[in-house]
Each structure stands twice: as C-alpha cells, then as structure tokens.
Amino acid sequence: MTLNVNFTFDEKSYRHYMNGFLSVLHCHHYLCLTTKTAMDFKEINGLQILQETAEDTMRPVFEEYFKKNDVTTVKDKLLVGMRYYAVMGLGKMKATANEQGGEVVLARSHVDQGWLKRWGRNSQPVNFFTRGYIAAMFAAAVGKPARSFAVHEMEAIATGNDYSRFKVHTNN
Amino acid sequence: MTVMRDDVVKALAGLTVQGDQDGLIDAFGVFVNQLPVAFWNTFALRMMDAAPPERRKQVEAALVRCAYECGYHTGYGIITSEEFKKVVMPMVTEGEKDVLRGAYAVFTAWGWAKSGIAKIDPKEKMVVRATDYYEADGPPGDMRAFMIRGVSAAFFELAYADEYPEGMDTYTCEQTKGIEHGDAHGEFVVTRK
C-alpha cells in the first residue's frame with residue numbers, strides 16, 4: 001500500500017502543508033530536547049503531556065486520510081500510520097493488531113537514534129512521542145476514543161537494543 | 001547585491017523532504033522530522049498551562065532552549081550545506097550580515113516564520129520581525145514564540161560568536177511583540193547575555 005502524500009506550499013504565508021495539514025521541518029535535537037524537557041518537568045506530568053499531545057495531534061491526520069482515501073480495514077488503517085511515520089522521518093515501523101491491542105516494532109527511530117547521537121545510551125526508553133503516536137494509530141484504526149490504548153515501550157534502541165518494541169493494550 | 005529573501009524562498013520552498021527507505025531524513029548533519037504544527041503548538045501551550053505561576057518562567061526557558069539548540073546545530077548544518085552554498089552564497093556581499101539574512105530566508109522557506117532582519121548591530125544586537133509564524137496560531141494570549149526566540153539567538157551566535165561549536169550561550173533573545181498578543185507582527189530582540 002502506497003501512501004498518497006501531497007505536499008503544498010502557500011506562497012502568501014510561506015507555510016507548508018502535508019495532505020492539508022500545516023507541517024514544519026525540525027531536527028532530532030528539537031524532538032529529543034522536547035522529550036528531555038517533558039522528563040524534567042515531572043511535577044506537571046510533562047511526559048503525559050507529550051504523549052497525549054502526540055496522540056491528539058496525530059489522530060486527525062490519520063482520520064482525514066482514511067476518509068479521503070476510503071481506507072476501511074483495521075489492517076490498512078494501521079498501514080497508513082506506519083507509512084506516515086516513515087514519510088515524516090520518524091523511522092521504520094511495523095505494527096500488528098490483536099483483539100487486546102497489539103505490538104509495534106521500530107527497526108529505525110528518529111527519536112532513539114537522535115538521542116544516541118546526542119547523549120549516547122539511556123538507561124530507560126525515551127520514545128514517549130511514539131507512544132502517543134501509536135495510541136492514536138490504534139484508536140483511529142478501530143474507531144475508539146482517545147486514551148483507549150495504553151502503550152508501553154518494552155525494548156528500546158535508545159538503551160542499546162537493535163530495535164524498539166512497544167506493547168499496546170486496551171485501557172479498561 | 002545582497003541576499004534576496006524571496007529568491008531564496010522560491011529556490012528552496014519547493015524541495016520535498018520525506019523519509020528514506022529507513023523512514024529517516026538524514027540532512028544537514030541531523031535527523032530531520034516533518035510533524036504537524038499542531039503538535040509543537042499544543043505541546044508548548046499545554047506545558048505552559050500546566051505550570052504553576054512560579055514555574056512558568058522555567059518551562060518557558062526550557063522550551064526556548066529546545067529550539068535554541070536545534071537552531072544552533074541545524075543552523076550550522078544549513079549554512080555550511082551544499083544547498084546554501086548554491087542558492088544563498090552567490091548573493092552574499094556583506095559577510096556575516098548576509099549569511100544571517102540567508103539563514104532567515106531559509107527559516108522562512110521552510111515554514112518556521114515569514115521573517116527577516118529589521119535592524120542589525122554586528123556582534124551586539126539584532127531585531128527580527130515576523131509577519132506570519134505558526135507559533136502565533138491558536139488562542140490569543142501571552143507572547144509564546146519560543147521557537148523563534150531560541151533559533152534567533154542561535155543564528156546570531158553562528159554569525160558573530162566564537163566559531164561553531166564553541167560559541168554557544170553568548171546571546172539571548174526576547175520577544176517584544178507578538179501577533180498572538182494582538183500586535184501586527186512579531187518582534188524579537190537578540191542581545192549579548
């Protein structure tokens with residue numbers, strides 16, 4: 001399945017759009033430091049804010065695509081999430097779903113590889129952005145509300161593993 | 001001749017950037033991502049809203065710092081890139097000033113802010129104006145263009161502080177006007193720390 005991506009540029013405002021969504025280029029320093037900032041502000045639940053923000057802002061991108069391209073099956077909807085992940089430079093993702101949730105594996109990861117490049121190995125997984133992204137992807141694929149899925153990073157490239165693995169399960 | 005922003009924008013804005021076979025965008029010495037603006041704006045707003053009054057300045061400083069370090073490292077990658085050499089450098093006739101103008105043209109071309117240098121006192125001070133920038137989107141309120149502040153300090157350092165990577169933390173940037181604050185444009189003032 002190929003993702004249809006239309007990049008447009010507004011010559012008046014000089015803004016860029018990806019399939020109609022205002023988008024912007026930034027680097028791994030920005031996303032890794034954003035993650036570190038979220039970690040540092042524990043008392044305001046920075047990591048929860050980061051994860052939920054990723055979930056809430058990615059979901060409309062997926063749902064708009066499903067609607068415009070007549071994507072109807074869970075399998076194809078997850079594929080849309082995986083393809084977008086690569087197009088946006090976030091890495092190489094493979095997701096599988098089961099009745100309770102599913103599993104996601106990253107063979108390559110912008111956040112993890114960026115983290116390694118910047119700070120070296122971390123003792124704990126760091127890809128909170130992707131946790132939110134996956135939560136949005138699964139909820140959009142099965143038509144459940146936000147926060148329907150909990151995502152845990154079990155193994156991480158940032159800790160020295162060859163790949164990252166996330167476990168996804170429904171929040172009851 | 002000096003750097004003509006609109007010419008640079010036209011040359012660079014059409015470049016389509018997307019992940020390679022590994023889903024990564026490896027360019028300018030960094031990994032690049034292309035995310036919805038809503039993510040960056042919502043994250044900053046939620047962090048600021050969640051912070052108690054006594055912590056707001058610290059959250060703000062941290063958000064500026066994220067962009068500052070991005071601007072310093074990626075900015076260096078940009079101004080030393082083949083694209084910059086090809087598109088911008090032929091227009092450079094005023095040394096660092098023009099390199100800075102070129103950096104803001106790239107800043108504009110990539111959708112960070114429709115911006116340019118309004119005043120410059122080399123090595124000491126720079127005033128940047130932005131007539132459109134994504135950080136102004138959303139509800140009106142306090143000035144919150146943390147990304148522009150961070151990147152502006154970084155760009156000025158790349159032009160006038162010690163050579164990369166030794167020039168960090170030489171300058172600071174404050175926002176003095178903001179579209180999100182009811183002003184006609186955003187204004188950013190870079191000065192020595």
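**Strands, a helix and an interface**

Modeller: Strand E1 of chain A and strand E2 (residues 15-18) of chain A run antiparallel and are joined by four bridges. This is a predicted model, where local features need pLDDT of at least 70, side-chain atom pairs count only at pLDDT 80 or more, and totals for chains, interfaces and linings use all residues. Residues are numbered from 1 along each chain as its sequence is written, chains are lettered from A in the order in which they are written, and side-chain values use heavy atoms, without hydrogens and water.

Colleague: What makes E1(A) and E2(A) a pair?

Modeller: Strands (DSSP runs of at least two residues) pair if DSSP finds at least two bridges between them. E1(A) and E2(A) have four. Thr8(A) stands opposite Tyr17(A) in E2(A).

Colleague: Which order do the strands of the open sheet have?

Modeller: The five strands run E1(A)-E2(A)-E3(A)-E2(B)-E1(B), with antiparallel pairing. E1 (7-10) of chain A and E1 (25-27) of chain B each have a single partner strand, so one side of each lacks a neighbour in the sheet.

Colleague: Why is H6(B) called mostly covered?

Modeller: Buried means under 20% relative accessible area (1.4 Å probe, protein chains only). In H6(B), 15 of its 15 residues are buried.

Colleague: How do you know that Arg108(A) forms a salt bridge with Asp22(B)?

Modeller: The definition asks for a side-chain nitrogen of Lys or Arg within 4 Å of a carboxyl oxygen of Asp or Glu. The closest N and O atoms of Arg108(A) and Asp22(B) are 3.5 Å apart, so the pair meets that definition. Across the interface of chain B and chain A, the rule finds six salt bridges.

Terms used:
Buried means under 20% relative accessible area, exposed over 50%, partly exposed in between (1.4 Å probe, protein chains only).
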